[in-house]
Amino acid sequence: MDNLSDARAEALEARFALRVGARLHEGATQLPHDISERLRVARLQALDGLAAAARAAEPARVAVAAADAVGQIQLAGAGRGSDWSLAPWQAPLHDDPLPWRWRLASVLPVLVLVLGLWGIHVWHKQAQVQATSEVDMALLTDDLPPAAYADPGFAEFLRQPSAPEQPQAQDLPLQVDDLIQEALELSDRSRS
């Protein structure tokens with residue numbers, strides 16, 4: 001009997017709502033244009049307010065769901081005294097200091113960057129030492145004395161394009177007789 005009276009009451013309410021709606025619609029069509037526009041703007045503002053309230057309630061609902069999840073994990077016995085059982089995205093939403101693993105995770109990229117820069121510095125310094133030692137070794141083992149490289153004229157000589165090769169005089173073996181002859185000629189010149 002209660003079910004029938006409930007169904008009847010709902011049917012009566014729906015019928016009443018239809019009649020009221022039809023009467024309001026009939027009355028709205030008879031309103032002047034400015035009033036109907038103000039009503040339309042008021043309806044839009046009301047809908048915007050409802051949408052804003054729904055958006056404002058969404059983060060609170062997410063926070064409550066996260067808090068419930070944390071509470072369920074803690075009730076299950078995991079995570080007592082530490083946050084090891086929680087994934088980083090499930091960390092409790094409170095203002096406590098960050099756990100040590102989050103601190104380590106935030107410092108780790110900076111540490112890697114510093115180590116990388118230090119490694120580059122050491123490698124660059126080693127390359128400079130090696131290049132300097134190669135130049136020094138080349139200077140010391142070369143036929144020219146190191147002072148020749150400091151001479152500006154020698155540097156200019158090196159910048160000039162090389163002259164075409166000239167035929168070199170053939171080295172003839174020195175004859176002892178020729179040397180004696182030259183020595184005698186020099187001694188005669190010196191006497192006269």
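## Basis of the values

Because the model is predicted, local features are given only where pLDDT is at least 70 and side-chain atom pairs count only at pLDDT 80 or more, whereas totals for chains, interfaces and linings use all residues. Residues are numbered from 1 along each chain as its sequence is written, and side-chain values use heavy atoms, with hydrogens and water left out.

## Salt bridges within helices

Side chains of opposite charge can pair when their charged atoms come close. The structure holds four salt bridges, a term that stands for a side-chain nitrogen of Lys or Arg within 4 Å of a carboxyl oxygen of Asp or Glu. One of them joins Arg23 and Glu26, with an N to O distance of 3.1 Å. These two residues are three apart in helix H1 (residues 2-29), and are therefore separated by about one helical turn; helices here are DSSP runs of H or I with at least four residues, while strands are runs of E with at least two, and both are numbered from the N terminus. Arg23 is exposed at a relative accessible area of 56%, and Glu26 is partly exposed at 42%, where buried means under 20% relative accessible area, exposed over 50% and partly exposed in between, with a 1.4 Å probe and protein chains only.

Helix H2 (residues 33-75) contains Arg38 and Asp34, four residues apart, or about one turn of the helix, and their side chains meet in a salt bridge at 3.7 Å, N to O. Arg38 is exposed, with a relative accessible area of 57%, whereas Asp34 is partly exposed, with 43%. Also in helix H2, Arg40 and Glu37 are three residues apart, which means a separation of about one helical turn, and the closest N and O atoms of their salt bridge are 3.0 Å apart. Both count as partly exposed, Arg40 at 36% relative accessibility and Glu37 at a relative accessible area of 29%.

## Helix H3: span and bend

Helix H3 (residues 100-141) has 42 residues and should span 62 Å at 1.5 Å a residue, which agrees with the 59 Å between its end C-alpha atoms; the expected span is 1.5 Å times one less than the number of residues. H3 bends by about 30° at Val107, and Pro109 follows within four residues, the bend being the angle between axes fitted to the seven residues ending there and the seven starting there.
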